[in-house]
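Please look over the model below.

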Amino acid sequence: MFQVLANPAKFMAFSKWAAPIIGVIAVVLLVWGLWVGFHVPDDYQQGRTVRLLFIHPQLAILSMFAYACLGGAAFFGVVFRHALADAAARAAAPLGAAYTFLALVTGSFWGRPMWGAWWAWDARLTSELVLFLLFLGYMTLVAAIDDETKANRAGGILAMVGLINLPIIHYSVNWWNTLHQGSSDFTSDLSPVYALPFVVCLLGYIAMFGALWLVRTRAEVWRRRAQALAVRQAGRA
Amino acid sequence: MIDFSNKYALYVWPPIAITALVLAWTLVDSLIRARRWKKKAESLEAGEPL
């Protein structure tokens, strides 16, 4: 599997059919999960805001997962100088930034009625904001350097350094007193009526990211091919 | 039940709408980007001028 993903030609052949299949799986899981999730009974404490349970935690988990993918791809790009890894890193960043932005916004809307505040500088919220800034920083850095090799190397190093933020986000609620609730075990802390759509939605969001990541990595491979051909044509003229 | 008159509706539906919009943007942008670069690369491979 790794060899398939490491070879650009094999990756393009694999992703051509894998992206739509994973996309369809994502749509089925999300439609079913959100439909069931929006019809669960109100929570005895949180009332109807419990609907956000099927959006906010999944997007927060996905934002960290996307950054782990970005950091992992950056590692292979920087250490092994693999062109496809650089393309995958560039493709993951905008998606991760979007999910992190949504995690922050949806969390803010959930926090206002439950905590009485749209925002607090507590460890979980702040470290998630740092994650958002890391995504933006990576994208800005690779866009700011004209030489793509240097841009990928600089961005890759930033992405790898930023990996340290992932355990900080995860354990922030244990290490510090936070307004954000502590970590939950979704298999035992949640009633089955919430747990099932929660897990289905989580799988749906992950599949959605997987499909879009493949599509964006394909776009990045096409972009490089187009640029290489344009340079060759310009050289002949 | 889906209900817009609930006292928490103001805190539930706007984030759902924002999420739907942003996720739709990620989908549309990804597809447009892939289609545009594929078309560009194929036209260059066919030897069309820049």
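H5(A) and H6(A) cross in a right-handed sense. This is a predicted model. The two axes come within 8 Å, at a crossing angle of roughly 170 degrees. Angles over 145 degrees count as roughly antiparallel, so H5(A) is roughly antiparallel to H6(A).

Which residues make the contact? H5(A) brings A:Leu134, A:Gly137, A:Tyr138, A:Leu141 and A:Val142. H6(A) brings A:Ala151, A:Asn152, A:Ala154, A:Gly155, A:Leu158, A:Ala159 and A:Gly162. By class, eight are nonpolar and four polar, with no charged residues.

## Helix H5 and its surroundings

H5(A) runs over residues 123-144, 22 residues in total. From first C-alpha to last, H5(A) reaches 31 Å, close to the 32 Å expected at 1.5 Å a residue.

Buried residues of H5(A) include A:Ala123, A:Arg124, A:Leu125, A:Ser127 and A:Glu128. A:Leu131, A:Leu134, A:Phe135, A:Tyr138 and A:Val142 are buried too. Against what do the buried residues of H5(A) pack? Their partners in chain A are H3 (56-80), H4, H6 (148-162) and H7 (165-175).

## Where chain A meets chain B

Chain A puts 31 residues into the contact, and chain B puts in 25 residues. On the chain A side, H4 (83-115) and H8 (192-236) each supply at least two residues. H8(A) gives the most, with 13 residues.

By class, this side of chain A has 19 nonpolar, five polar and seven charged residues.

Key: Residues numbered from 1 in each chain as written. Chains lettered and ligands numbered in written order. Predicted model: local features only at pLDDT ≥ 70, side-chain atom pairs only at ≥ 80, totals over all residues. Contact = placed C-beta atoms within 7 Å. Helix = DSSP H or I, 4+ residues; strand = E, 2+ residues; numbered from the N terminus. Nonpolar A, V, L, I, M, F, W, Y, C, P; charged D, E, K, R; others polar. Expected span 1.5 Å × (residues − 1). Buried ≥ 20, exposed ≤ 12 C-beta atoms within 10 Å, placed from the backbone. Axes fitted to C-alpha atoms, helices over the stretch in contact; angles between N-to-C directions. Parallel < 35°, antiparallel > 145°, perpendicular 65-115°, else oblique. Left-handed = near helix turned anticlockwise from the far one by under 90°.
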